Amino acid sequence: MLHDSQMMIRPETPHDIDAVRDVHVEAFADDGRVARLVDVLRAAEAPLPPVSLVATVDDRVVGHVMLSAGRLDAPQRLVDVLVLSPMGVRPDHQNQGIGTQLVTEARHAAEQTTVPLLFLEGSPAYYGARGFRSAGPVGFRKPSLRIPDAAFQIATLAGHEPWMTGTLVYSEPFWALDCVGPRGADVRDRPEPTSW
């Protein structure tokens, strides 16, 4: 528990970049791919600027969340949307509510824009309790068949209109770094996502 420690969520600064990389390397225990995704999304040309927030405890970066531009291929036209990915918390600070606060602040940041939709792929139990719902049953198609149906989730924002349905298109960095859906021989057999 945090007890006497001060936890704060604030916009990322250039001084946080190395610490944000460390957060994702530790949180995802991967080869640094998710950390590289953040670096590339931060620098990529996009129709919407990324939103990058850090959680600090006693001035140490312990968590990070990013919103980046995606597109909805809707019947009437392409619609700019946001994608919440990645979100990570250092293992020694997990299960203390930091992830919940990062998601809450990210959603609040999305609501301050004119963007109508916020997408993510992740645990339906975790994100469902934080205001997201399954996107498929309400008219949206996932960008990859590797993403389990339950993991493809959405939050509708104030600018959403009923005609805004269709297929989510991730920005190029997600594809270039192979950060779309889980990989592995057992992906099709998974009833729920296990890697988020």
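**Group meeting: a first walk through the model**

Okay, let's start with burial: 47% of the 196 residues in the protein are buried, where buried is under 20% relative accessible area, exposed is over 50%, and partly exposed is in between, with a 1.4 Å probe and protein chains only. Before going on, a word on where this comes from. This is a predicted model, so to speak of local features we need pLDDT of at least 70, side-chain atom pairs count only at pLDDT 80 or more, and totals for chains, interfaces and linings use all residues. Residues are numbered from 1 along each chain as its sequence is written, and side-chain values use heavy atoms, with hydrogens and water left out.

Now the fold. We have five helices and nine strands, where helices (H or I, at least four residues) and strands (E, at least two) are DSSP runs numbered from the N terminus. Walking along the sequence, you'd read β-α-α-β-β-β-α-β-α-β-β-β-β-α. The radius of gyration is 16 Å, close to the 16 Å from the globule rule for 196 residues, so the protein is as compact as a globular protein of that length. That radius is taken over C-alpha atoms, and the rule is 2.2 Å times the number of residues to the power 0.38.

What about contacts, meaning heavy atoms within 4.5 Å? Of those with a separation of 6 or more, 69% are between residues 24 or more positions apart.

On to the inside. The largest nonpolar core has 56 residues, and L72, L84, L118 and F119 have the most contacts inside it. By nonpolar core I mean a set of buried Ala, Val, Leu, Ile, Met, Phe, Trp, Tyr and Cys residues joined through side-chain atoms within 4.5 Å. Elements giving two or more residues to this core include α1 (17-28), β3 (60-73), β4 (78-89) and β5 (117-121). If you click on F119 and skip its neighbours within four places in sequence, you'll find contacts including L72, L84, F140 and L168.

Is S85 buried or exposed? At 18% relative accessibility, S85 counts as buried. Apart from residues up to four places away in sequence, S85 touches L41, M66 and F174.

Last stop, P91, in the loop between β4 and α3. P91 has 43% relative accessibility, so P91 counts as partly exposed. Beyond its neighbours within four places, P91 is in contact with E26 and A27. And H160, 69 residues apart from P91 along the chain, has its C-alpha atom 36 Å from that of P91.

Technical notes. Contact means heavy atoms within 4.5 Å.
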